[in-house]
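Please examine the following structure.

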Amino acid sequence: MFITSSTINRLYPLINDQLRCSFVKHLSQLTEKQAELMRKKLPQKRPINGVNHIILVASGKGGVGKSTTAVNLATALKCVAPNKDVGLLDADVFGPSIPLMMNLHETPLINNDNLMVPLINYGVKCMSMGNLITDQSAAIWRGLMVMGAIDKLIRGVSWNHTDYLIVDTPPGTGDTHLSLAQNLPISGVLIVTTGQKAALGVTRRGITMFKKLNIPILGIVQNMSTMKCSKCSHENFIFGDSVQELAIQEKIDTLFSIPLDPNITNGCDSGQPIVITHPESSQVIEIIKTYFSRNTY
């Protein structure tokens, strides 16, 4: 029996339609199965025992004053609400700076529950990898070891009765941020940046990441915004209005702008936050008071 060309022309659309329907059905089943597997593989968010609110302090670019902001935010919170328990977690395993800025260089003790007891200064409970290694040591670790260390700082520390835990994150948008966002119920993130183009480009990517992870962005902190002349007190705007433009584009509030001030630098180097040494010149406390008056958390 011979199949004529006219028969082939009639059969081809039917076969093609059946193959297409079969492929679409198979693809649909595959997509649903992949989605189910992804849902199963996503970690369940578990709160930290005893912690009510977790606030991340993040930046895209390094060296923009993120740790300085985290330290002053934590100490300012304690000044504004002395009846609240405030904690400060240094999640920057490779470049821990909280021990220096908070003047805490001791090794934490272990309690009866085999948990590390946070070190305390200015009423703020602190924990950092810098308190577990010497100043000359370098953490030369791969990703899994880093995440294990961060998990130890989160779950292996007695954070009991902590109303606000401020987390100083490392620069960038890497594994640490993703792990924190996927494993912990984050109340919000504070973005720190300078106005230079090199910093703003990375900051925008960080904002995009937190939006995709559904983490509320509390606002932007513009650091090193101005420099005041010591003789005539004239203020020079170092980077212009680039940060404000970014905030408008991303629909985020600019909470405050921090000038380039020697008192801030000296305070960080000596372990004395400027909100402690110069509370009258620090706008952080006033901003936090205003923020608390508008928000219940």
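The questions below concern salt bridges.

This is a predicted model, in which local features need pLDDT of at least 70, side-chain atom pairs count only at pLDDT 80 or more, and totals for chains, interfaces and linings use all residues. Residues are numbered from 1 along each chain as its sequence is written, and side-chain values use heavy atoms, with hydrogens and water left out.

Q: How many salt bridges does a search of the whole structure find?
A: A salt bridge is a side-chain nitrogen of Lys or Arg within 4 Å of a carboxyl oxygen of Asp or Glu. By this criterion, the number found in the whole structure is four.

Q: How many residues apart in sequence are the parts that Asp-168 and Lys-66 tie together?
A: Asp-168 and Lys-66 form a salt bridge, with their closest N and O atoms 2.8 Å apart. Helices (H or I, at least four residues) and strands (E, at least two) are DSSP runs, numbered from the N terminus. Asp-168 belongs to strand 5 (residues 162–168) and Lys-66 to helix 2 (residues 66–80), so the parts they tie together are separated in sequence by 102 residues.

Q: Is Lys-78 buried or exposed?
A: Buried means under 20% relative accessible area, exposed over 50%, and partly exposed in between (1.4 Å probe, protein chains only). Because its relative accessible area is 15%, Lys-78 is buried.
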